[in-house]
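Open your viewer and get ready to select residues by number.

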Amino acid sequence: MPLPLTVAPDVRDALDAGSPVVALESTLIAHGLPRPDNLAAAGDIEQAVRRGGATPATIAVLDGIVHVGLDEAGLTRIAGDETLSKLGVRDLPVALASGGSGATTVSSTAVLAERAGIAVFATGGLGGVHRGGGYDESADLGALGSTTVLVVCAGVKSILDVEATLERLETLSVTVLGYGTHRFPGFYLTDSGFGLDWQVNSPAQAAAVFAARREVRPGAVVLANPLPESEQLDPDLHDRVLAEALAGLATDGVTGKAVTPYLLERLHRVTAGASLVANIQIILRNAELAAQVSAALSDLR
Ligand code: PSU
Ligand code: MN
């Protein structure tokens, strides 16, 4: 059985013409941002890609079919359906074989974007190694180790063990670039407290590194794009509410793939929406930069 994958007409046209296209994940809409504002956010993210000069391709699985590029009805379904699954790579075969539906995470979006011939992908923050005693590592990392895609993100979510995640990215040979910085961004915070080996200062430089990466070995380039300090979450507030949210994991018995949505939701609630504003701003900025990198990649060809 070939992969049941349908590409939206505008995305197909752009790909055929060698024009810039940016893949977008759907888990951050379905499980990362609260309803009902997430629908407006989904539209705004696509707009940010267009503003940057590329065609957006939000990816999701609907009734057993991979959709690369969603229309209005598709976006509305992703944003509104509370029963939607969260699909990492390992979940895709089950959803496809059973006619199921779900939102795609960084791991599955990267894999499906590559399959559709899309090189550039934008998200908020990558998954990674979680804090705490039990070992919990996002499948995002393993997927990026073997999938040739450039991912624009604001680092990894600050709810994670950032140091361990950076070490895993090294082990997996994922190329990590700071955009205009030598510091690894901390998602809600401009600086995670950890440094980076490599910095690029323009979409063209990022595109050139990705083009070279393609010649070296399959695997991702992470382009880490920090929020400006003026837009970051207040670091004291961040540290305080994160500690509370992490403690809540044990109290509320939250495990597995529910951990990330739980922590994001708690932060959004306890900061009275301040973390939500930052989260959306992160994604919009990354979407626009991804479009510019995709345009620079098209220029290289
Ligand atoms: N970035 C955001 N919000 C999110 C996510 C990323 O700004 O909700 C999602 C992504 O889909 C990522 C997932 O792949 O969180 C990681 O979940 P886990 O830790 O369960 O692998
Ligand atoms: Mn996990």
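By class, the largest cavity is lined by eight nonpolar, two polar and two charged residues. Here Ala, Val, Leu, Ile, Met, Phe, Trp, Tyr, Cys and Pro count as nonpolar, Asp, Glu, Lys and Arg as charged, and the others, Gly among them, as polar.

Before you select anything, know what you are looking at. This is a predicted model, in which local features need pLDDT of at least 70, side-chain atom pairs count only at pLDDT 80 or more, and totals for chains, interfaces and linings use all residues. Residues are numbered from 1 along each chain as its sequence is written, chains are lettered from A and ligands numbered from 1 in the order in which they are written, and side-chain values use heavy atoms, with hydrogens and water left out.

How is empty space found? Rolling a probe the size of a water molecule over the atoms shows where empty space is left. On a 1 Å grid over the protein atoms alone, a cavity is a set of points where a 1.4 Å probe fits but cannot get out. A pocket is an open set with protein on both sides within 12 Å along at least five of seven lines. Lining residues have an atom within 4 Å of a point. Grid points are joined across faces, edges and corners, and a volume is the space filled by probe spheres set on the points.

Now select Leu24, Glu25, Leu28, Ile29, Ala42, Ile45, Glu46, Thr58, Leu75, Ala122, Thr123 and Ile283. They line the largest cavity. Two elements give two or more residues to this lining: α2 (27-32) and α3 (37-51). Helices (H or I, at least four residues) and strands (E, at least two) are DSSP runs, numbered from the N terminus. Which element gives the most to the lining of the largest cavity? Colour α3, which gives three residues. The space inside is about 70 Å³. The count is one cavity of 30 Å³ or more.

## Stop two: the open spaces

Select Lys86, Thr105, Ser138, Asp140 and Thr260. Of the 34 residues that line the largest pocket, these lie nearest its centre. The volume of this pocket is about 620 Å³. Next, show α2, β5 (85-87), α6 (106-116), α7 (139-146), α11 (259-270) and α12 (274-300). Each supplies at least two residues of the lining. α2 gives the most, with four. By class, the lining of the largest pocket has 10 nonpolar, 15 polar and nine charged residues.

Move to the second largest pocket, with about 340 Å³ of space. Pick Leu166, Glu170, Val176, Leu196 and Asp197, which lie nearest its centre among 13 lining residues. Here α8 (162-171), β9 (175-179) and β11 (189-195) each supply at least two residues. α8 gives the most, with five. The lining of the second largest pocket divides into seven nonpolar, two polar and four charged residues.

## Stop three: charged pairs

A salt bridge is a side-chain nitrogen of Lys or Arg within 4 Å of a carboxyl oxygen of Asp or Glu. How many salt bridges are there? The count is eight.

- Select arginine 51 and glutamate 288: their side chains meet at 3.3 Å, N to O. Arginine 51 lies in helix α3 and glutamate 288 in helix α12, so the pair ties together parts that are 237 residues apart in sequence. Arginine 51 is exposed at 54%, and glutamate 288 is partly exposed at 24%.
- Select arginine 183 and aspartate 191: they meet at 2.9 Å, N to O. Arginine 183 is partly exposed at 35%, and aspartate 191 is partly exposed at 32%.
- Select glutamate 265 and arginine 269: they meet at 3.0 Å, N to O. They are four residues apart in helix α11, so about one helical turn separates them. Glutamate 265 is partly exposed at 39%, while arginine 269 is exposed at 53%.

## Last stop: the ligand

Select ligand 1 and the 18 residues that surround it (a heavy atom within 4 Å). Glu25, Lys86, Ser138, Asp140 and Lys157 are the closest.

Now look for polar contacts, pairs of N or O atoms within 3.5 Å; within protein, one must be able to donate a hydrogen and the other to accept it, and residues adjacent in sequence count only if both atoms are side-chain atoms. An oxygen atom of ligand 1 is 2.5 Å from an N or O atom in the side chain of glutamate 25. For the side chain of aspartate 140, the distance from a ligand 1 oxygen to an N or O atom is 2.8 Å. At valine 106, a polar backbone atom is 2.9 Å from an oxygen atom of ligand 1.

Notes
Buried < 20%, exposed > 50% of the residue type's maximum accessible area, 1.4 Å probe, protein only.
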